[in-house]
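Subject: Handover of a structure for your review

Dear colleague,

Please find below the sequence and structure that I am passing on to you. A summary of the findings follows them.

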Amino acid sequence: MEVLVAGLGNEYRSDDGAGPAVAAYVSERMSKVVSKVISEPLDLIGAWDDADLAVVVDATRSGSPPGTVQLVDLGTGGDAGSSAGPMSSHGMDLRRVLRLARAMGHPPRRVVVVGIEGENFADGLGLSPAVEFAVTEAGDLVLRVIDEVSSCA
Amino acid sequence: MTHQRPADSRTVHVEGLARVEGEGSLLVEVRDGTVETVELEIFEPPRFFEAFLQGRRHTEPPDITARICGICPVAYQTSACLAIEDACGVSVTDQIAALRRLLYCGEWIQSHALHIHFLHAPDFFGCQDAVELAGLDLAAVQRGLEIKKVGNHLMEVVGGRAIHPVNVRVGGFYKAPSREELGALVEPLRRALDTALTSAQWVAGFEFPEIEIDYRFVSLRHPDYYAIESGRVVSSEGLDVDAKGISDLVVEDHVARSNALHARLGGQDMYLTGPLSRYALNYDQLTPLARETATAAGLGTVCNNPFKSITVRAVELVYACEEALRLIEAYEPPDPPAVAVPGRAGIGYGASEAPRGLLFHRYELDSDGLIRSARIVPPTSQNLLCMEDDLRRVAQANLSMPDEELGWLCEQTVRNYDPCISCATHFLDVTVERR
């Protein structure tokens, strides 16, 4: 089974580095999956083409307490949901990229998003304590998702 | 989203992308039929990096500054390497310089393919994004993806990975790719060239707003090639200086309403960097095929219409594919892949052409090779005043448009520049107020 774990984010923007941190955590524990740090969501196209499972890990800012881990299963088809807004001058958001991948005909079979609520997105290195603590929880969640999907494959 | 507005004003608010955080906003205020205020605020990550680099070893800027932008890391790496090598009195070999240029071609291919097909073209079809565009013209979006993949592949082979290359170091590369590794890129690059030619024809058929602006063009110029990774800085008004010269000339002012600095030549004159400038100042250095492509697309030797920057990018995309093929054909693996660059006290300057314009760095090193100060001037900062000026002209010329349409056109005007609003995270609000 082809699995991609994509850590979205920029480790130089504090808690925006949560995704890359979780990708590294998973990579150390499960060598059979491809684990990548991806700064621009559009670069998921190509990286996740035709994968059986793509787990995208990203920092969130939903108003939940910092470090809250959330799982959103974007499923295996249908509507990827609405995007954050119209086109940016410089990039694309995850849902839009998934819709584009589907339009292009090479989407991953299943997409699961694991979010970690961030606290600080200012320039700088290092995660906030609550987010740092949540990396293990999120990483273990990703490993469980991979195991569950693998066992059903 | 719509702002609360006073009774005597009308407000249109177009919300852009907000993946995580970062702010960019545009305010256009119209009073009695005249555009009074145009304010473009853009958050700039390089400012943090300038402080962060202080006290770091002279070998670190290529890796650290590559993280400023996920779309143009090679530009940051190259300008950083040039500046550090300048400070240390070291020149790289011709083979290393050629490999650096090849890597940079990969970034141009990747970035231009992205901007043309995914970010800019949807504007010309009235589409919100490339997803909608794919519904109208799937082949065009597929072309963009195919070309971008070849750029990614080139970045992976030369730079070690497609995003934030890890193979670049001060003095050259950690490892030089073999001829065979590069040879495997020839066929994909040939296909990318053919595809880029098709895309150039495609964009030439777009309907462009009528506007001509007498820009002060500034770009690199190299005596032998279309400037990408090195050269002197020239302008349409006769400027001809090295990287130190442009760093000395450009004065950045902080404007209270914005956290972005505004760059002026000599502290006074706004100027334009990027595709239109490179094209105007280096047209004669394009290959015959790239010039033919430009002519067929309706371009002269100078393009003053900012909305046609997409056409110029398409011509540059053709050039970058051709140039990558030429460099691969002539490739001699540098041995060793890097020259030694011992740290020493000094000041160094480096400038290169990021896909969206001139990017220059300045570093001051102490006797241990530690960085005492850093200055990074990205193209978006240099173009801010021109962006505002374009917006003023475009808004003034189109005040009869309904707010929504005018807001769209203003956003498109900003998008002409492919600005790096905040490289990894960004947000653009466009507000038009009529009083």
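A residue is called buried when its relative accessible area is under 20%, exposed when that area is over 50%, and partly exposed in between. By this criterion, 65% of the 435 residues of chain B count as buried. In chain A, which has 153 residues, the buried share is 58%. Please keep in mind that the model is predicted.

Confidence

The predictor assigns the complex a pTM of 0.87 and an ipTM of 0.72. Chain B has a mean pLDDT of 87, and 88% of its residues reach 70 or more. Where pLDDT is low, the predicted coordinates should not be read in detail.

Overall organisation

Chain A contains four helices and five strands, and along the sequence these follow the pattern β-α-β-α-β-β-α-β-α. Among contacts in chain A between residues at least 6 apart in sequence, 79% join residues at least 24 apart.

Chain B contains 14 helices and 14 strands. Of its contacts between residues at least 6 apart in sequence, 73% join residues at least 24 apart. Chain B is divided into domain 1, made up of 10–45 and 385–425, and domain 2, which covers 49–383. The centres of these two domains of chain B, taken over C-alpha atoms, are separated by 25 Å. Their contact takes 27 residues from domain 1 of chain B and 38 residues from domain 2 of chain B.

The largest pocket

The largest pocket has a volume of about 870 Å³. Its lining consists of 32 residues, and those nearest the centre of the pocket are L82(B), V92(B), A97(B), E229(B) and S230(B). Two or more lining residues come from each of these elements of chain B: helix 3 (73–87), helix 4 (94–124), helix 9 (243–249), helix 12 (309–329) and strand 11 (346–354). Helix 4 of chain B gives the most, with eight residues.

Backbone details

Most residues other than glycine have a negative phi, and most peptide bonds are trans.

The peptide bond from D335(B) to P336(B) is cis, with omega near 5 degrees. P336(B) is located in the loop between helix 12 and strand 11 of chain B.

D50(A), a residue other than glycine, has a positive phi near 60 degrees. D50(A) is placed in the loop between helix 2 (44–47) and strand 3 (53–60) of chain A. Its relative accessibility is 37%, so D50(A) counts as partly exposed.

D32(B) likewise is not a glycine and has a positive phi, of about 50 degrees. D32(B) belongs to the loop between strand 2 (24–31) and strand 3 (34–42) of chain B. With a relative accessible area of 69%, D32(B) is exposed.

Yours sincerely

How values were computed:
Residues numbered from 1 in each chain as written. Chains lettered and ligands numbered in written order. Predicted model: local features only at pLDDT ≥ 70, side-chain atom pairs only at ≥ 80, totals over all residues. Heavy atoms only, no water. 1 Å grid on protein atoms, 1.4 Å probe; cavity = no way out; pocket = protein on both sides within 12 Å on 5 of 7 lines; lining within 4 Å. Points joined across faces, edges and corners; volume = space filled by probe spheres on them. pLDDT = per-residue confidence, 0-100. Buried < 20%, exposed > 50% of the residue type's maximum accessible area, 1.4 Å probe, protein only. Domains from an automatic or database assignment. Contact = heavy atoms within 4.5 Å.
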